[in-house]
Amino acid sequence: MKTGKCSCGAKVFFDNSQCIACGKLLGHCDRCDEIAAFIPTAIAQQFACSSCGTTTKSCRNRRFGVCNSQVPIDHGKSLCDWCEFTEVVPSLDDHSNVQKWKELEKSKRQLLSQLWTFRLPPHPNFDGDEKPLRFRFLADSVDENGNVVRTVTGHADGIITININEADSVYREKQRIKLREPQRTLIGHLRHEYGHYLDWCIPQSKRSSYIDLFGDPQAIPYSDAMERYYAGQRLHNWRASYVSEYASMHPWEDFAESVNLYLDILAVAQTVTQSSLPREMTIDVSTDDMT
Ligand SMILES: [Zn+2]
Ligand SMILES: [Zn+2]
Ligand SMILES: [Zn+2]
Ligand SMILES: [Zn+2]
């Protein structure tokens, strides 16, 4: 994961909001994309980025503790580039939702930072075709008849919806065991759903090897595949051809699970390169190798 340096010289990390060595404000700069220190200016609530010198103000969501980004004053925005991707946040009347929202934003920021680093959509878009990406973090609700309406985690038309219960580690652990999904994590959910987004984004002209690698999604009705999977009709030797058991359900899930694993491996490699390991032990993950 991305790291940076405070102006006092201390190494700082992706989610840091204040330097424990010198007390300066820390965070992500929307202008230079660095994790940096922010120095108070003569104007109240305005801070200069120690990396690029841009005058910034704090993202509006910083006051909830869910974001550590600084927005350039000349952007004229109150939310940072990353918070703008979130279309719906959970109701903050329930205080426990703030902690869940914080966990969700943290994972979302990790995902977006990784997409930026490796120049994956939506930055830039394929073929100039605008394919917006949005996130909705929603709780279950109750309808007028008193029935619980479940929020289903998934992707549709560029919108990734996550049930905020997934940010509750106890709930997630129970689901992990029940559904036999050993890799079930919050960032894993976001990477998986991003895989569906990517699948939706990629134009037909760039799909020449898709069917060879993942199968023809149109040949297998998704609802049939899902029904069979949850009825226990699963591929026993899935390890021979798939990255996870869930990937064996349908070509769309195979693609999403493959993207999830690919991003996971890239994140590990990026963390290793940014760590203090001796140079000969690091891995080169320059973007030139990712094309
Ligand atoms: Zn410092
Ligand atoms: Zn900056
Ligand atoms: Zn923000
Ligand atoms: Zn899926």
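This is a predicted model: local features need pLDDT of at least 70, side-chain atom pairs count only at pLDDT 80 or more; totals for chains, interfaces and linings use all residues.

Mentor: We'll go from domains to helices, then to the strands.

Trainee: Which domains does the assignment give?
Mentor: Domain 1 covers 3-81 and domain 2 covers 84-283; the bounds come from an automatic or database domain assignment. Their C-alpha centres lie 29 Å apart.

Trainee: How many residues are in contact across the two domains?
Mentor: Nine residues of domain 1 are in contact with eight of domain 2, where contact puts the C-beta atoms, placed from the backbone, within 7 Å. The domain 1 side divides into four nonpolar, two polar and three charged residues. Here Ala, Val, Leu, Ile, Met, Phe, Trp, Tyr, Cys and Pro count as nonpolar, Asp, Glu, Lys and Arg as charged, and the others, Gly among them, as polar.

Trainee: Helices next. What should α6 span?
Mentor: Its 24 residues (251-274) should span 34 Å at 1.5 Å a residue, and the end C-alpha atoms are 35 Å apart, which agrees. The expected span is 1.5 Å times one less than the number of residues. Helices (H or I, at least four residues) and strands (E, at least two) are DSSP runs, numbered from the N terminus.

Trainee: And which residues of α6 are buried?
Mentor: Among them are Trp252, Phe255, Val259 and Leu263. Buried means 20 or more other C-beta atoms within 10 Å of a residue's own, exposed means 12 or fewer, and partly exposed is in between, with C-beta atoms placed from the backbone.

Trainee: What do they pack against?
Mentor: The buried residues of α6 pack against α1 (96-117), α3 (186-201), α4 (210-214) and α5 (222-230).

Trainee: How many buried residues does α2 have?
Mentor: Zero among its 10 residues (169-178), so to speak hardly covered. After α2 comes Arg180, with a positive phi near 55°.

Trainee: Back to α1: why does Gln110 count as buried?
Mentor: Gln110, found in helix α1, has 20 C-beta neighbours inside 10 Å, so it counts as buried. Leaving out residues up to four places away in sequence, Gln110 touches Met1 and Ile187. Gln110 and Phe14 are 96 residues apart in sequence and 8.4 Å apart in space, C-alpha to C-alpha.

Trainee: Now strands. What order does the open sheet have?
Mentor: The four strands run β8-β9-β13-β12, with mixed pairing. At the edges are β8 (86-88) and β12 (154-156), each pairing on one side only. Two strands pair if DSSP finds at least two bridges between them.

Trainee: How many bridges join β12 to β13?
Mentor: Three, and the two strands run antiparallel. Ala156 has Ile159 of β13 as its bridge partner.

Trainee: What about β3 and β4, which residue of the turn has a positive phi?
Mentor: Asp33, at about 60°, in a hairpin with five residues between the strands. β3 (25-29) and β4 (35-40) pair in the antiparallel sense over four bridges, and Leu26 stands opposite Ala37 in β4.

Trainee: And what does Phe38 stand opposite?
Mentor: Cys49 in β5. β4 and β5 (47-49) pair in the antiparallel sense over three bridges, and in their hairpin Gln45 takes a positive phi near 70°.

Methods: Residues are numbered from 1 along each chain as its sequence is written. Chains are lettered from A and ligands numbered from 1 in the order in which they are written.
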